Amino acid sequence: MNKEKQKSVLILGGAGFIGNNVTRYLAENRHYDLTVADDFSAGRKDAELETLCAKHGIRIITADFSKQKAFELLDTHYDDVYVLASVVGVNRCIEEPEEVIRINANIILHTTEWLRTAKPSRVLFASSSENYAAATDIFNYPVPTAETVPVCIADTRHPRFTYAVTKIFGEAAFFAYGRTLEIHTTVVRYQNIYGPRMGFKHAIPHIIERIYKGENPVKIYGAEQTRAFAYCTDAAEGTVRALESDASNQQVYHIGNNDEITMDTLTRKIGALMGYTGGYEEAETYPGSVSRRCPDITKAGNDFNYHPKVSLDEGLRKTIAWYRSFFDSGAAIPSGGFKAPEALNYKK
Ligand SMILES: NC(=O)c1ccc[n+]([C@@H]2O[C@H](COP(=O)([O-])OP(=O)(O)OC[C@H]3O[C@@H](n4cnc5c(N)ncnc54)[C@H](O)[C@@H]3O)[C@@H](O)[C@H]2O)c1
């Protein structure tokens, strides 16, 4: 392919879990000039990323994009921009809610202002199912939940919701700038994406870590709560298809899976896959955690043929294998690893 005709694509937050999968999908399935921009606060500068970037000639820019100055390091124009950079994780929200607000809001403000000059053809903002958690929990909005659900925060005083507040703000900001600047703008709301390299702050790595380290009985936090888990490669493909779809301008899509499962079943399934034969006991989960979550993914299926392919068993096997080898290596867990809900420093 003629190099001059290649599209240039920026993946902001491209070293993170989903960002890395999006970058890999683009590298392996498209012929674009790719740039990953990340401050590596959560993203991993490991051999996997370095090999991927070296193999496909992907440029890495390291900077804190909550600061306006970082945008000077970027090229003057990109065709497509994926905005995945964000502070994530319940622990961070509960322990440093003001940092979640500061960092996420600044990334959104500076990126949208930068769009004025960079003028990409398309931009995609990564949002979250947290945006409508209260609608399903308090107002009994139907589950599986479609994109028409009103966004809703249960309590603005609760630190848990700082993340969702920034995501609601981000959706509105990108749609507003996109409309004014005539940039094709798409929002994807990820719903429980999992897989290797997903960090150490989410339910699945927590369960694997506790079983690996010998917890017995294994605690099942929020046993009756339900979630639906989508494997990272499916989510990455869905993300790229969302941005590239002609139907996706000014649209929100739920990117996830619609196989709803209780935390009880999930925990026991991981235990069985890891060969754990001990007992289980129920425990109270994180404050503000929703009782049911499962996306309706019909719209993404209709608009760009998004149909997750990887089964939960297959995805969990790959995920467990990655975490096992990480723990076996003796490497330090970047975030300190699992923190029980009761150990969180939550000041009411
Ligand atoms: N994983 C999920 O299930 C899920 C669910 C809902 C929404 N999301 C959203 O999807 C996106 C990707 O999530 P993820 O799970 O890959 O998280 P992640 O933490 O692995 O990725 C986020 C990336 O952003 C980078 N980053 C953070 N602050 C930055 C800054 N100031 N400047 C530059 N880079 C910065 C981090 O280093 C990291 O690489 C996020 O916007 C997240 O809110 C993810």
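User: Which element gives the most to the shell around the ligand?
Analyst: β5 does, with 3 residues. Strands here are DSSP runs (E, at least two residues), helices are runs of H or I (at least four), and both are numbered from the N terminus. This is a predicted model: local features need pLDDT of at least 70, side-chain atom pairs count only at pLDDT 80 or more, and totals for chains, interfaces and linings use all residues. Residues are numbered from 1 along each chain as its sequence is written, and side-chain values use heavy atoms, with hydrogens and water left out.

User: How many residues surround the ligand, and which are the closest?
Analyst: The count is 29. The closest are Phe17, Ile18, Asp38, Asp64 and Tyr163. Near means a heavy atom within 4 Å.

User: What does tyrosine 163 do there?
Analyst: A polar side-chain atom of tyrosine 163 sits 2.5 Å from a ligand oxygen atom. The cut-off for a polar contact is a pair of N or O atoms within 3.5 Å.

User: And which backbone atoms?
Analyst: A backbone N or O atom of phenylalanine 17 is 2.8 Å from an oxygen atom of the ligand. For serine 86, a backbone N or O atom lies 3.4 Å from a ligand oxygen.

User: Switching topic: how many helices and strands?
Analyst: The protein chain has 11 helices and 13 strands. Its C-alpha atoms fill a box of roughly 60 × 45 × 40 Å along the principal axes.

Note on methods
Polar contact = N/O pair within 3.5 Å; in protein donor to acceptor, adjacent residues only side chain to side chain.
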